[in-house]
Amino acid sequence: MRIISIAALNVVLPPPHRPERYVKLWMDAARRKTPVGLRGDVGGMIGSAHNRYEEHKFLWGDLFKFVNIDRDAKWLDLSTNEVAAPEDVTQNVRIPESYRPNLRVLPYIFFPDQHRLIFISRLDQQNTLSPGMAKTLVERLLTSSDLIEAHGEAVITVEPDRETLDRIFHLPVLKQISFEISPPNALGDVERRLFKWMEDQNATKFTQNMSSDHPDGLQLGKDQRQVAEVAQSNGLVTARGIDEAGQTVKYSTVDHPYLEKVEVDTGTTTIEDSFFQAALGMLRNFVRVGG
């Protein structure tokens with residue numbers, strides 16, 4: 001039995017939100033085969049991309065994470081516990097310019113209709129890619145100047161867990177809450193109404209901030225709760241309030257990514273099949289938001 005962890009990103013292009021635009025953006029980015037820096041000496045890229053949209057409504061492939069070698073940095077000689085002489089490094093270290101060590105491979109499935117990239121965040125102890133680092137990877141891949149010129153600027157959001165918003169709603173005293181929404185194509189009735197309203201105002205982003213000095217705090221109505229549900233996947237929600245212990249607490253949906261842990265019985269199924277079925281279940285959950 002193995003356990004894998006799955007996460008998701010919401011990829012949003014400016015209108016019009018046609019699936020073929022997302023397909024072309026992703027395939028164009030993959031064809032460039034351009035690595036990007038993620039953090040320190042860690043780099044990443046789209047390792048592969050297979051377009052199955054016409055038959056199956058998704059794209060699939062692998063994300064790569066690796067180490068970028070600083071060829072001008074010092075090398076340690078463990079046999080002497082001293083810095084290796086530059087001439088010795090030149091003579092003994094021969095790594096092709098195109099090679100990158102410590103490769104990590106994480107499968108993904110991209111659903112253009114729902115503009116969700118669902119990926120394995122933890123395949124095993126070695127092959128891991130945090131949701132935050134995946135966001136950085138996709139953001140830097142899709143927002144190069146040539147891709148922005150061709151497709152518009154993509155906005156990437158880490159799909160948050162659903163518990164954070166529930167905690168906000170159940171605060172005994174809610175003192176402040178903020179919403180930020182960048183609309184994609186609407187997937188539910190509430191989203192359709194909200195995004196239509198934004199479209200009528202020519203608005204590309206919606207932000208709202210509410211605070212209260214009342215002892216009972218804010219009392220969110222049904223409409224505001226629905227806006228928050230839309231914002232958690234299409235922007236962000238932040239809040240401040242007082243918990244049951246009388247302590248001031250702060251919450252933000254960006255701090256708590258959605259992670260689905262899946263048990264895989266490798267004796268009866270494959271990791272690929274388990275990942276695909278879990279991704280479909282996650283997608284249905286995301287689509288219900290705002291419905």
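Is N10 buried or exposed? N10 counts as buried, because its relative accessibility is 0% (buried means under 20% relative accessible area with a 1.4 Å probe and protein chains only, exposed means over 50%, and partly exposed is in between). This is a predicted model, where local features need pLDDT of at least 70, side-chain atom pairs count only at pLDDT 80 or more, and totals for chains, interfaces and linings use all residues. Residues are numbered from 1 along each chain as its sequence is written, and side-chain values use heavy atoms, with hydrogens and water left out.

**View 1. N10 and its surroundings.** You'll find N10 in strand β1, residues 2-12 (strands are DSSP runs of E with at least two residues, helices are runs of H or I with at least four, and both are numbered from the N terminus). The N10 side chain gets to 2.5 Å from the backbone oxygen of S233. Beyond neighbours within four places in sequence, N10 is in contact (heavy atoms within 4.5 Å) with residues including H115, V155, T157 and N234.

**View 2. Helix α1.** This helix covers residues 19-32. Its 14 residues should span 20 Å at 1.5 Å a residue, and the end C-alpha atoms sit 21 Å apart, which agrees (the expected span is 1.5 Å times one less than the number of residues). Among the buried residues of α1 are Y22, L25, W26 and A29. An α-helix has 3.6 residues a turn, so residues three or four places apart point the same way.

Conventions
Polar contact = N/O pair within 3.5 Å; in protein donor to acceptor, adjacent residues only side chain to side chain.
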